[in-house]
Amino acid sequence: MSEYRVAARYAKSLLDLSIEQNKLDAVFSDMKNFATILRANKDLHNMLCSPIINGDKKMAVLNNVFANKFEALTMNFFAIVIRKKRESMLQAVADGFVEQYNTKFNIANASVKSAIELSESALAEIKSHLESQTGKKINLSSKVDAELIGGVVVQVGDRLFDASIAGKLGKLKQELLNSYISK
């Protein structure tokens, strides 16, 4: 069975259990933070994936780092995954949990890149427009990218909307090259 399918099953089990125990929001926060920390800290990720380090030591490290901050259900879940020798999948499980949570509650992540810092009202307007277009609640993040020259680039899931000057110049350049080549 593929790693993705196994991770999705573990994530689904944790989602169902957290709903059953009325701890969904706390476990969601834990898994989202855990995924972010694993992406930022390669040493922790490598330790979890290492076949040389035994499971007890891995669980001890997780307890030292997360036990005071995470829900007991989350920590017990980590212990089960480690006992089953699937700790190398914890990143995929955490990502899968967040994805399944977002699907269950009709939430989509979106990002906006602009040449200058956008005002709160502009971001709120973009968010409102995206919510009306997608029919989902939008988690919006913004980033400044001076190379865009002007305009914005919005990404929602796998869809990309490029309304930047740099994007339009690139399209114009390609059209000119194509018309020159065809003659």
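Is Ile149 buried or exposed? I looked this residue up before anything else. Ile149 is exposed, at a relative accessible area of 53%; buried means under 20%, exposed over 50%, and partly exposed in between, with a 1.4 Å probe and protein chains only.

**Entry 1: ground rules.** I am working on a predicted model, in which local features need pLDDT of at least 70, side-chain atom pairs count only at pLDDT 80 or more, and totals for chains, interfaces and linings use all residues. Residues are numbered from 1 along each chain as its sequence is written, and side-chain values use heavy atoms, with hydrogens and water left out.

**Entry 2: Ile149 again.** I placed Ile149 in the loop between S2 and S3. Helices (H or I, at least four residues) and strands (E, at least two) are DSSP runs numbered from the N terminus. I then listed the contacts of Ile149, leaving aside neighbours within four places in sequence, and found Ala115, Ile165, Ala166 and Leu169; contact means heavy atoms within 4.5 Å. Gly167 is 18 residues from Ile149 along the chain, and their C-alpha atoms are separated by 9.3 Å.

**Entry 3: the sheet.** I traced four strands in an open sheet of mixed pairing, in the order S2-S1-S3-S4. Two strands pair if DSSP finds at least two bridges between them. Strands S2 (137-144) and S4 (159-164) are the edges, and each has a single partner strand, so one side of each lacks a neighbour in the sheet. On average, neighbouring strands here are turned by 15° against each other, direction ignored.

I went through two of the pairings. S1 and S3 are antiparallel, with five bridges. S3 (residues 151-156) and S4 are also antiparallel, joined by six bridges. Gln155 is the bridge partner in S3 of Ser111, and Gln155 also stands opposite Leu160 in S4. Val152 has Ala163 as its bridge partner in S4. The hairpin of S3 and S4 has two residues between the strands, and Gly157 there takes a positive phi near 60°.

**Entry 4: Phe161.** I found Phe161 in strand S4. Its relative accessibility is 42%, and Phe161 therefore counts as partly exposed. Apart from neighbours within four places in sequence, Phe161 is in contact with Val152, Val153 and Val154. I also checked His45, which is 116 residues away along the chain: the C-alpha atoms of His45 and Phe161 are separated by 34 Å.

**Entry 5: helix H7.** What does helix H7 lie across? H7 (residues 120-134) lies across strand S1 (107-114), S2, S3 and S4, and runs at about 140° to S2. Axes are lines fitted to C-alpha atoms, for helices over the stretch in contact, and angles run from 0 to 180 degrees between N-to-C directions.

I compared the length of H7 with expectation. At 1.5 Å a residue, its 15 residues should span 21 Å, and the end C-alpha atoms are 21 Å apart, which agrees; the expected span is 1.5 Å times one less than the number of residues.

Leu123, Ile126 and Leu130 are buried in H7. Down the helix axis, the buried residues of H7 fall within an arc of 65°, so they line one face; the arc is that of the directions from the helix axis to the C-beta atoms. An α-helix has 3.6 residues a turn, so residues three or four places apart point the same way. The cover over the buried residues of H7 includes S1, S2 and S3. On the face turned away from the buried side I noted the exposed residues Glu120, Ser121, Glu125 and Ser132. Gly135 follows H7 and has a positive phi, near 75°.

**Entry 6: H1 against H2.** Helix H1 (residues 3-20) packs with helix H2 (residues 24-40) at about 145°, the axes being 8 Å apart. I listed Leu14, Leu15, Ser18 and Ile19 from H1, which meet Leu24, Val27 and Met31 of H2. By class, this contact has six nonpolar, one polar and no charged residues. Ala, Val, Leu, Ile, Met, Phe, Trp, Tyr, Cys and Pro count as nonpolar, Asp, Glu, Lys and Arg as charged, and the others, Gly among them, as polar.

Entry 7: Thr74 lies in helix H5 (residues 72-83) and is buried, with a relative accessible area of 0%. Not counting residues up to four places away in sequence, Thr74 touches Val27, Asp30 and Met31.

Asn102 is in helix H6 (residues 90-104). At 7% relative accessibility, Asn102 counts as buried. Leaving aside neighbours within four places in sequence, I found Asn102 in contact with Phe28, Ile107 and Asn109.
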